[in-house]
Amino acid sequence: MATISLKSVRKSFARTEVIHGVDIDIEDREFIVIVGPSGCGKSTLLRMVAGLETVTSGDVHIDGKRVNDMEPMDRNIAMVFQNYALYPHMSVFDNMAYGLKIARTPKPEIEERVRATAKLLELEPFLARKPRQLSGGQRQRVAMGRAIVRRPAVFLFDEPLSNLDAKLRVQMRLEIKALQRQLGVTSLYVTHDQVEAMTLADRMIVMNAGEADQVGTPMEVYKDPRTAFVAGFIGSPPMNFLPATTFAPGGGNDGLLKGLTANPAAAGNNRPTIGIRPEHLRLCDGADGRLSGTLQYSEILGAESLIHLVLGDGVMLTVRQSGNAAVPEVGEKCHVTFDDADVCFFDSDGKRIAG
Amino acid sequence: MDKRVTFGGWTLPYLLLLPQVAVTAVFFFWPAAQAIYQSAFIPDPFGLKALFVGFGNFSFLLTDPFYLASFKTTAVFSGLVTIVSMALALWLAIMADRIIKGSGAYRTLLIWPYAVAPAVAGVLWLFMFSPNVGLVSWYLGVLGYDWNHVLNPNEAMGLVVVASSWSRISYNFLFFLAGLQAIPKSVIEAAAIDGAHFWRRFWTIVFPLLSPVTFFLLVVNVVYAFFETFGVIHTITSGGPQQATTILVYKVYSDGFVGQDLGSSAAQSVILLLVVGALTVIQFRYIERRVHY
């Protein structure tokens, strides 16, 4: 129904620039998730697309039209807010019908569309109720319904699931995904939760301090992170980072890395960092170990176990293994190995470099 | 759960209550009892003897055309004061809420008139509109309008309404502004995305959500117009011309202290007491039951 494109979009509040030029082309029907820690500018970016914040420089296009100077109501979008922002004095029906009434939709059509949307979201028994008489999950659905009923070209979601409990969040996540597929509406979804981002996104934008560090499918971002920030933010538990001092080619002392073929330090990068994901590390016998450390504590989660080691130079290392594998005792000396192909190198600015 | 403070003995709690009880007893219960007692008598002007008349003062008042006219005057006056002061305050609050630059200065300026005593406010407006020396009335004269609130009852009413409303706008403004700022911003934004422009949003979202504040102010302003505008009326019109601005409270004063009809004045006080009582009951009922969303 609509494409969205952002061209070097920047935003400043007074003299502080909070978004330093973001570019992305979003295709029709695509589900894009903007993910990042608090304060990275992800909500501000969404609000600029919505028209709730002005664009300091750059262009926002919706469906090929430049919308920088358009009011929110003229952009053909719908938004779901974190606190739902339902109209507290109106019934569920009126909440959903509000936008249609303003658009002067004929009464029978309003009735029909609201009923159809309520049916889709299983809200029919609650149409006469006020928002305060609903549970958190039901309010969330009403907020969704208010967006859907208007049949907008774009859905904007601003952390819509953060106020729900963990179980409901998982359920609503699946429902949102299914609804978006069914309705085929281009969606932009903001979250700080990387699991939500991974499960919902066709493509995701990882934001870091006002910059889009990486844009790509969840698997691309996970497997091939462009920066140390992305590598550390996506994936739980996060990627292990070993500072340059930890490895010396050919070294074999306690806490030092053995037998790494590539050596970015030799290629002129001073102080590079090695990144490796917990699931790519394996406990092994002393003879095969490329890293060794003392087990500080372990988390047994059932399906998997997380083993936290402290290396000789004080660096923490997390190993993730299957729940069936044996877990050593606290204080035991452990040896770890991995494949060179699973290692990422980052320069001192956190940028990925070839290894 | 409420946190409750428990006292060891009973002396301290009663001692702590005493100042409030004493003030209420001396300044409310005693004079109120006196008024009820005196309303049953007609004393002679020198206070030497008093004739018991039972409800005579009341039955006279309720058939007295001047007293009934004063009721009507009070209704018109308090209705106008309430509407004018609330409407202007709401408008100013909406504007002050939208301002981004220098909002602190605007707010301070808008709150200032509240610090001016009613009698002073009355004199202020009297000087501007005085038919002899008033600046505004002189300019009105230049424009061909002969302003004279000393002779014209409607002009007199207009002037006391304006003066009373002016000193009340600040108070209402404060409450409206606080009410506006308590409305979640995201609700307004949701309405904007739903397609509602500013005034549509105001009438369909903001105004309904403001209704508890509006209702509270409505009651408080009516009570204000009934009782606290004495100073304004006394300084500007003294109830004239021809009792056109004699509201009930002013009539209590002029009949009692000017006309020396203390029995009737006391009876009027009792009637006013009932009116205040009724208003207070309404006020508390609705404040207790403030709408929670």
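This is a predicted model: local features need pLDDT of at least 70, side-chain atom pairs count only at pLDDT 80 or more; totals for chains, interfaces and linings use all residues.
Trainee: How do you know how confident the predictor is in chain B?

Mentor: We look at pLDDT, which runs from 0 to 100. Chain B averages 85, and 96% of its residues score at least 70. Chain A also has a listed average, 85, with 92% of the residues at 70 or above. For the complex, the predictor gives an ipTM of 0.80 and a pTM of 0.79.

Trainee: Which part of chain A has a pLDDT under 50?

Mentor: That is residues 250–255 of chain A. The model has eleven contacts for this stretch beyond four places in sequence.

Trainee: What makes up the secondary structure of chain B?

Mentor: Twelve helices and two strands. The C-alpha trace of chain B spans about 75 × 75 × 30 Å along its principal axes.

Trainee: Which residues of H5(B) are buried?

Mentor: Pro118(B), Ala121(B), Gly122(B), Trp125(B) and Phe129(B). To be called buried, a residue needs 20 or more other C-beta atoms within 10 Å of its own.

Trainee: Why can we say that the buried residues of H5(B) line one face of the helix?

Mentor: Look down the axis of H5(B): its buried residues fall within an arc of 105 degrees, so they line one face. Those residues pack against helices H6 (135–142), H7 (153–182) and H10 (230–236) of chain B.

Trainee: Why is Tyr114(B) called partly exposed?

Mentor: Tyr114(B) has 14 other C-beta atoms within 10 Å. Buried needs 20 or more and exposed needs 12 or fewer, so a count in between is called partly exposed. That is the class of Tyr114(B).

Trainee: Where is Tyr114(B), and what does Tyr114(B) touch?

Mentor: Tyr114(B) sits in the loop between helix H4 (103–111) and H5 of chain B. Leaving out residues up to four places away in sequence, Tyr114(B) touches Ser170(B) and Tyr171(B).

Trainee: What makes up the side of chain B that touches chain A?

Mentor: In total, 15 residues of chain B are in contact with 18 residues of chain A. The elements of chain B giving two or more residues to that side are helix H8 (185–193) and helix H9 (198–227). H8(B) gives the most, with six residues. By class, the side of chain B that touches chain A has ten nonpolar, two polar and three charged residues.

Trainee: How is chain A divided into domains?

Mentor: Domain 1 covers 4–231 and domain 2 covers 237–353 of chain A. The C-alpha centres of these two domains of chain A lie 39 Å apart. Their contact takes six residues from domain 1 and nine residues from domain 2 of chain A. On the domain 1 side of chain A, the residues are four nonpolar, one polar and one charged.

Methods:
Residues are numbered from 1 along each chain as its sequence is written. Chains are lettered from A and ligands numbered from 1 in the order in which they are written. Two residues are in contact if their C-beta atoms, placed from the backbone, lie within 7 Å. Helices (H or I, at least four residues) and strands (E, at least two) are DSSP runs, numbered from the N terminus. Ala, Val, Leu, Ile, Met, Phe, Trp, Tyr, Cys and Pro count as nonpolar, Asp, Glu, Lys and Arg as charged, and the others, Gly among them, as polar. The arc is that of the directions from the helix axis to the C-beta atoms. Domain bounds come from an automatic or database domain assignment.
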